[in-house]
2 protein chains.
Amino acid sequence: MLGELPSAISGQRVADELRRLILEGEFKPGQRLGQEMLADRFNASRMPVREALRQLEAEGLVSIVPHSGTWVAKLDAFEFDQTYKMREVVEPLAVRESIPNLSDAQIDRLGELVEEIDATAGPHRDVEGFLRLDREFHLLTYAGVRHQPLLDLVLRQWNTTQHYRRLLVHRQSVEDVVATNLDHALILDGIRRRDPESAAAMVHLHIRRTRNTLVDPTDDTFV
Amino acid sequence: MLGELPSAISGQRVADELRRLILEGEFKPGQRLGQEMLADRFNASRMPVREALRQLEAEGLVSIVPHSGTWVAKLDAFEFDQTYKMREVVEPLAVRESIPNLSDAQIDRLGELVEEIDATAGPHRDVEGFLRLDREFHLLTYAGVRHQPLLDLVLRQWNTTQHYRRLLVHRQSVEDVVATNLDHALILDGIRRRDPESAAAMVHLHIRRTRNTLVDPTDDTFV
DNA sequence: CTGGAACCTATTGGATCCAATCTTGAATCT
DNA sequence: AGATTCAAGATTGGATCCAATAGGTTCCAG
């Protein structure tokens, strides 16, 4: 549902492009999204724009106020924390379901990604590279999930928190990145051994650790 | 988001009414939902109908095929099983988050519901009553959840499986109902003691047991 | 000068019209 | 007889037009 259809209708295309622009930061949280402006930008009429906004609202990326307008969704610290708590239970399930269906080639690629992530922690940190590779690593571990709604949910949660991960990863130390990637290696180990419970436990721990690292309860500078 | 807005716009109204009709079984899984027909039925134009269908698709209640039409969603045994596995991890989280915010009055009402459910297992079983009360009981245990997306997810999963619960509860024995309600009593006990972990563990067990009762792997008469 | 109310404008929501696509049925060919 | 192709009808998707609502501005009164 969040994936692209082969011959997508126009509303779908607009939704996909707009989603990409939001995730890349072209449209920032809190920014207003006028229908006319969007229709103009995407060379479409207001109709597919309206459908796209509906869809992105369902995905949690924008919020619509009737008769008023649409804005790129904002998260506060509470929602961020809660989303991570959801991730802590949902993503372990996702690896459990995924592991039996992962190909050896996919697992090899996971190994490469761990090494590439290590490289981003080098002398001059590559934060954007880390974000991209981290996302690719985790989503690839879920590539074996056959139940689309579960995959959609995972994707949704990654998307709605994307902005804030970027913001907070920038504040992380190099040690944090290395520690994070140690988790990745352990998750990968569980996957290589095709041990769903072990991998799931590691994913849970990883997300919990990340949440604690990112959301410092004494830090009210968030958002 | 799945709840009703006070002064909803027309598309929202249509979505709410259509959702109710689907859940009550007026529209059955697999049935086609023509836009013209719906617009006629709800005294609206096709435009709000289209928005409503989009929304219900996001909720998983209907599925839209571009340029072809919309049908009430069907679940197969696999999807049913997978949804229950999601419920097994999501709803324990929901009670954990809910318990601190439940009022004493709400907890008292839960006690009443357990008794009312017992009554449905009497000499002439009241299956529809059971379905209604069971739903009310569980959703009330989640009434303290402050994070709307979590509540929405729970509601969504209840809604998409509603039809199949009805179908399968009809096949259950009286003993099954009594056993189910014993679980309810244990969940309620955890809530009364304001013990999130205990309640969460019971919810997990309850859903797991229900899944095993409902989905007999050797039974291919499902759907 | 400040608070409030009425008006005006910009933007969204809904209705209608037109175009594009899919489904269907029948006719034809193998 | 069965499968395939083609065409007609029906239905959805998109564009445009109109109505309703919200927010801002201005004007008036206290």
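## Helix 4 against helix 7 in chain B

In this predicted model, helix 4 of chain B crosses helix 7 of chain B with a left-handed sense. Helix 4 covers residues 77-98 and helix 7 covers residues 148-169, and their axes come within 10 Å at a crossing angle of roughly 135°.

On the helix 4 side of chain B, the residues that make the contact are Phe80(B), Thr83(B), Tyr84(B), Met86(B), Arg87(B), Val90(B), Glu91(B), Leu93(B), Ala94(B) and Glu97(B). Helix 7 of chain B answers with a list that includes Leu150(B), Val154(B), Trp158(B), Thr161(B), Tyr164(B), Arg165(B) and Leu168(B). Sorted by class, this contact has 12 nonpolar, 4 polar and 4 charged residues.

Over all chains, the structure holds 4 aromatic pairs. One of them joins Phe80(A) and Tyr164(A), edge-to-face, at 6.3 Å centre to centre with 65° between the planes. Phe80(A) sits in helix 4 of chain A and Tyr164(A) in helix 7 of chain A, so this pair links parts that lie 84 residues apart in sequence. Both partners are tucked away: Phe80(A) has 0% relative accessibility and counts as buried, and Tyr164(A), at 6%, counts as buried too.

Over in chain B, the rings of Phe80(B) and Tyr164(B) have centres 6.3 Å apart and planes at 65°, so that pair is edge-to-face. Here Phe80(B) belongs to helix 4 of chain B and Tyr164(B) to helix 7 of chain B, so parts 84 residues apart in sequence are tied together. Phe80(B) counts as buried at 0% relative accessibility, and Tyr164(B) counts as buried at 5%. Back in chain A, Phe80(A), Tyr84(A) and Tyr164(A) form one aromatic cluster.

Now for a contact between chains. Helix 3 of chain A and helix 3 of chain B, each spanning residues 46-58, have axes that come within 9 Å and cross at roughly 30°. Angles under 35 degrees count as roughly parallel, and these two helices are therefore roughly parallel to each other. Their crossing is right-handed.

Chain A brings Met47(A), Arg50(A), Glu51(A), Arg54(A), Gln55(A) and Ala58(A) to this contact. From helix 3 of chain B come Met47(B), Arg50(B), Glu51(B), Arg54(B), Gln55(B) and Ala58(B). By class, that makes 4 nonpolar, 2 polar and 6 charged residues.

## Helix 1 on helix 3 in chain B

Helix 3 of chain B also has a partner within its own chain: helix 1 (residues 10-24) packs on it at about 55°, with the axes 8 Å apart. Helix 1 and helix 3 of chain B are therefore oblique to each other, and helix 1 passes helix 3 in a right-handed crossing.

The contact residues in helix 1 of chain B are Ser10(B), Gly11(B), Gln12(B), Val14(B), Ala15(B), Leu18(B), Arg19(B) and Ile22(B). They meet Pro48(B), Val49(B), Ala52(B), Leu53(B), Gln55(B) and Leu56(B) in helix 3 of chain B.

Technical notes: Residues are numbered from 1 along each chain as its sequence is written. Chains are lettered from A and ligands numbered from 1 in the order in which they are written. This is a predicted model: local features need pLDDT of at least 70, side-chain atom pairs count only at pLDDT 80 or more; totals for chains, interfaces and linings use all residues. Side-chain values use heavy atoms; hydrogens and water are left out. Axes are lines fitted to C-alpha atoms, for helices over the stretch in contact, and angles run from 0 to 180 degrees between N-to-C directions. Helices (H or I, at least four residues) and strands (E, at least two) are DSSP runs, numbered from the N terminus. A crossing is left-handed if the near helix is turned anticlockwise from the far one by less than a right angle, and right-handed if clockwise. Contact means heavy atoms within 4.5 Å. Ala, Val, Leu, Ile, Met, Phe, Trp, Tyr, Cys and Pro count as nonpolar, Asp, Glu, Lys and Arg as charged, and the others, Gly among them, as polar. Angles under 35 degrees count as roughly parallel, over 145 as roughly antiparallel, 65 to 115 as roughly perpendicular and the rest as oblique. Rings of Phe, Tyr and Trp (its six-membered ring) pair if their centres lie within 6.5 Å; planes under 30 degrees apart count as stacked, over 60 as edge-to-face and the rest as tilted. Buried means under 20% relative accessible area, exposed over 50%, partly exposed in between (1.4 Å probe, protein chains only).
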